[in-house]
Amino acid sequence: MALWFMVAISLPALIHGFQPLFSFDVNAITHRDITQRAVLRKTAEVCRDIAASEGRVFSLTIDDSLSTEMVQKACSSTGDSSSSLLSTVMFTISIANMYLSNAKVDVIFALSEEHHFDDETFQGGRDVITAGVSAVKASVKLENFVAGRWTLGSVCHTLQDFYSHSNWVELGNNAPYSTLIQPDQPLRNLAGPTTPTCRNCTGENCDNNLLSDVLQQGLLTSGYFNIFSSEKPAGKCSHGGSFDLTSTHDPVGGINKDGVGSSHGSLHQKAADLAVKATMELLEDIRRAAGDLNFLRLMGLSQSSALCFVIDTTGSMRDDIAEAKRVSFDIIDSKRGTEQEPSVYILVPFNDPGFGPLIMTTNADIFKDSINKLSANGGGDIPELCLSGLQLALTAAPPSSDIFVFTDAPAKDAHLKSTIIALIESTKSVVTFMLTDVASARRRRRNPLDVSSRSMSQSDAQLYGDLAQASGGQAIAVTKSELTVATSVIKDSLASAVVTVFQVVKNPGKPENFTFTVDGSLKNITAYITGASSLTFDLISSTGVSQSSSQPSGPLASFTTAGNLRRLSLNTDNQTGSWEIRVNSNNPYSVKVTGQSSVNFIFHLVEAHEGAHGDFSLKEGRPFSGGNATLLVSVTGSDTVKVTEVTLFDSSGPTEVNGSLKSVGSGNFLVTFSGVPAGGFVVRVRGEDSGSTSRATPSSFQRQASTQIRTSSISVTTQANNTNIEPGSTVSIPFTVTTTNNGLVNDSATGTFTVRANNDRSYASSSPSTVTIAAGDGGKANGTVTLTAPASAASGTDVTLTIEAENPADNDINYTVLRLSVVAKVTDITRPVCQVSSSTICPSSSSLCTSSRWEFMANLTDGINGTGIESVTIRRGNGTLNTSTVAGAGGENITVVTYSASCCSQNAELTAVDKVGNVGTCVAQARESPTTAPVTPAAAATTSTGGHTHSMSHYLWISVVVSLLWKQPG
């Protein structure tokens, strides 16, 4: 189960369309609902098809009532997760990324008619969808699934708005307008620019404001929308609503179906249903281009996190590399082929003067080979480019990943510290440092005979400690001989359904007692204590039993020590309730308690906005010091969990800010905080779970977020109207820096701010080093960052740009993180063409099918100007497929396909994909006949996805009917 937390900061913006995320009207359906329903249903369909191909039973009913837990359980290889804990965190985060990106369209492109199909901009709207889908397919091709999800969410918004803003529903259509995702199909029956489409509404009643001629002729139109002017073409429909000034100009009223109270609100449900179906149709197209496994990865269907190593490869790291290899191989060999196999493998080497390349793969053997090839050599001066390597890992890994850094040297690129913290806060990944021989680091110079000895200073080590604390990770300092013991934390983190129960860092240290709650759902509870060797502790159970640090094995726990780390394996013996750890140390230390449970949570920072609906959208950066904040808490995975308390906790104070909870239905809560003070906080949740034990009274539980939330009095916003960059081009990104006072913009403020802009691809970039707010500037300063993608950049490459602003006077920093994609302009929008060349028969008697086979051959082409056929796969059928390539008479490449199957399997469906992801489907069916004699030639028609029909005579056996239908997947 996962609990959702979204922090909202009030900021005005304009919204129109389906409500982006949430609605207080129980009858309204939002973009979030539409996207989530479509993703869950399509994911379930893919899992159903995979199960059928493997001969497994798939019993899940696919409808709009699906939950992430239902789908994840049904999609497991056994279809039954009762034998192991079910974690839906990765799946839930992935779906959230899609619908948060979806909602962001209403902020970034609020006044863009093509992004909402307003003003009859059907061609422009389809162009937005076409470009977006191409970007998604390019990202998936390079296995950049995180970038693909963000783009996919925004594409879905535009597609979904069509059904709310056009008259497609009013025309009586019960199926999606597939032409919107078929760019090689013409947009037909559009109302002309001077064709009247609406009449005035009758008072508040707009049910019959579409003209009869429009309905009778089936003309497609959409409403005009403008917040600045009431002007629109004569006789045209308006969008409608209080923000749309055109709706006050004849013909008055509107036709939108955004909510049940909209102009055509009676059709809201039907429009939303069609939007779900259209989104599923789009997902099916992407599925066929990507293949089933990569599609499920795009959807984030995984119970496991990434295996991510960032490794120093200088001369003294030979033992560390060997240990990283050993532990990773153990994990791979024990989890390969199971539900717990890492979702992706990431490796980033670094040294000085280089770092990278990033190796990211879903293939364990490729990862093994890559880490096998690492060698320890060189080094020069002692500091290395550790943070540059970590930056690559943070931007490549899925959100909320565990990243492990191996090094024995200080960071040469410590100037990246604030950028790394920004990325940690944005991605919510946990970073743990494996620091070896900190007190006596030995680095091998470039001359292997010249060895220099130098210790990593406490300030050098503290940098790693600060980053670990920001992420909820640990800085583990051990000797090289102790590293094998310390790496047990890596295996711990990759267990199923790991949750953080409690975590605290004390710097400076002081003796203190800490309590945490053990609930009945927690299994395999582990505590980690890092600190000086003089540190002592006592562990006290909920029943009063105690054990001291002088007992490595006792009634409550057994523990091992390696360097500054004590790892305790707790024996709770169903002793639920409040436990205590008493730490005695005056040196810095940390305490972390984890376990395995399906009860977990994630959080996102969002901002509230006003407008036609008033809702939330994702906010990058930090909340404002002294301002109000709102957390949206959504409980998933269990009907027995009740959230009773959500707090922002700062252990250094200690400061604890309590929020007020308000239920918004379906397990969702709005938690409001007033006047959040300056500082760093973690989100802590407490509640009751009546299903975790057999006791009559509910079991109390607590969970804690790993990533810190820091406040700031600075605001950094961008005006990025395009997140795609063509290879060889430059994008300009304007940004604005403001200061705030108690959460509100201080329009009389002045000052100079340091600006830093970094991207993870080391692409050429320019930005001002400072911006200045002068008197009379309204408390704002503007600047521009440029980013140039090299001409050699592969389409589908993702780029993460971080823009930071710092007030040097008080070390206050805020930032924004932009995710961009390099996408080559796609000119090939035509799908492959198929021509049948031959086919054979099957006997009429089913008893003879096992000893007989049928076959058909076809020629596939992508045309002279096409990008070429990249893959042909069996979509349905149990036969074998062989392909070869020959040159056609016109110079085009022809892919010759031969499909052969047992006559017991007389249906086949093939999918052909060209190099930019255009998809066609080829269907073949063998029918039994009492005769095996050939007959006169018959004509077989094949239709391309472009709708063009090509007839060609083929000699066919009369008993076989081969229908090659090049159609839009759906």
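Helix 1 and helix 3 meet through a set of side-by-side residues: His31, Arg32, Thr35, Gln36, Val39, Leu40 and Thr43 in helix 1 are in contact with Phe91, Ile95, Met98, Tyr99 and Asn102 in helix 3. Contact here means heavy atoms within 4.5 Å, and helices (H or I, at least four residues) and strands (E, at least two) are DSSP runs numbered from the N terminus. This is a predicted model, in which local features need pLDDT of at least 70 and side-chain atom pairs count only at pLDDT 80 or more, while totals for chains, interfaces and linings use all residues. Residues are numbered from 1 along each chain as its sequence is written, and side-chain values use heavy atoms, with hydrogens and water left out.

**Helix 1 with helix 3**
- Helix 1 (residues 31-53) packs against helix 3 (residues 89-108) at about 140°, and their axes are 9 Å apart; axes are lines fitted to C-alpha atoms over the stretch in contact, with angles from 0 to 180 degrees between N-to-C directions.
- Helix 1 is therefore oblique to helix 3, given that angles under 35 degrees count as roughly parallel, over 145 as roughly antiparallel, 65 to 115 as roughly perpendicular and the rest as oblique.

**Helix 11 with helix 12**
- Helix 11 (residues 386-396) and helix 12 (residues 417-427) pack at about 20°, with axes 10 Å apart, which makes helix 11 roughly parallel to helix 12.
- Leu387, Leu390, Gln391, Leu394 and Thr395 of helix 11 make the contact with Lys417, Thr419, Ile420, Leu423, Ile424 and Thr427 of helix 12.
- These residues divide into 6 nonpolar, 4 polar and 1 charged.

- Thr30 lies in the loop between strand 1 (3-10) and helix 1, and counts as buried because its relative accessibility is 1%.
- Leaving out residues up to four places away in sequence, Thr30 touches Phe18, Gln19, Pro20, Leu21, Phe22 and Ser23.

**The whole chain**
- The protein chain has 15 helices and 49 strands.
- Of its 970 residues, 58% are buried.

Technical notes. Nonpolar A, V, L, I, M, F, W, Y, C, P; charged D, E, K, R; others polar. Buried < 20%, exposed > 50% of the residue type's maximum accessible area, 1.4 Å probe, protein only.
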